[in-house]
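Dear colleague,

Please find below the structure that I am handing over to you, followed by an account of what was found in it.

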Amino acid sequence: MLDSIQDDPPILICADLQVEYLTPGRRHVIRDGEAATARCLELLALWRSNLWPVMHLKRIAQAAWFNPASRLTDWIAEAKPRPGEMTFEHPLPSAYSSARFVDYMSNIRNVRGVLAGFSLDETILATAVDGFHRSHRYQVVGDAVACRQLSTGDAAAYKHAVVNVIGNFATIHVSAELIRTSGAVAV
């Protein structure tokens, strides 16, 4: 992960780890939310134990199906940001729809982020593409991301297709690889 002693560790970016996505019957319920959450928590534990930077994204879309005043937009309890961890609310799919996020990322000398969490086909995809066009380097943890449940079609094939598209804009890794190497994977 660190190319030289002067390099900062990559930022773990936990995307939209909110109750909304795990609530059965909701429009954006995540198909494999428990598995992705478990892997995100493993990555969070690794980053926190090494005192590496952690960032949390929170979707606050203004739509009937995603009411920001509802408790459903709250963080998943186990993934709740701790003091000192950055949080950014974003109204549109990309984290770059947050002016604070743009300001923060623009002031980092060498942006390297590890994306994990929910809303693979919205937040993670849009953020990776936006970041690519700003020369920000991201890697996506393929088994620590999840998509909403589709009403028709093969959800696993859909997730695989979205991950393949993201691979054009970011590097794809698996959580075991990051954990085994203590995060020492070049971004």
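The largest nonpolar core has 24 residues, of which Met-55, Leu-57, Phe-101, Leu-120, Ile-124, Tyr-138 and Ile-166 touch the most other members. Such a core is a set of buried Ala, Val, Leu, Ile, Met, Phe, Trp, Tyr and Cys residues joined through side-chain atoms within 4.5 Å, where buried means under 20% relative accessible area with a 1.4 Å probe, protein chains only. At least two residues of this core come from each of β1 (11–15), β2 (54–59), β3 (86–90), α2 (99–106), α3 (120–132), β5 (137–145) and α4 (155–166). Another core, of 22 residues, lies apart from it and includes Leu-43, Trp-47, Val-141 and Ala-146.

This is a predicted model, in which local features need pLDDT of at least 70 and side-chain atom pairs count only at pLDDT 80 or more, while totals for chains, interfaces and linings use all residues. Residues are numbered from 1 along each chain as its sequence is written, and side-chain values use heavy atoms, with hydrogens and water left out.

As to the overall fold, the protein has five helices and six strands, in the order β-α-β-β-α-β-α-β-α-β-α from the N terminus. Helices (H or I, at least four residues) and strands (E, at least two) are DSSP runs, numbered from the N terminus. Of the 187 residues, 50% count as buried. Among contacts (heavy atoms within 4.5 Å) between residues at least 6 apart in sequence, 79% join residues at least 24 apart.
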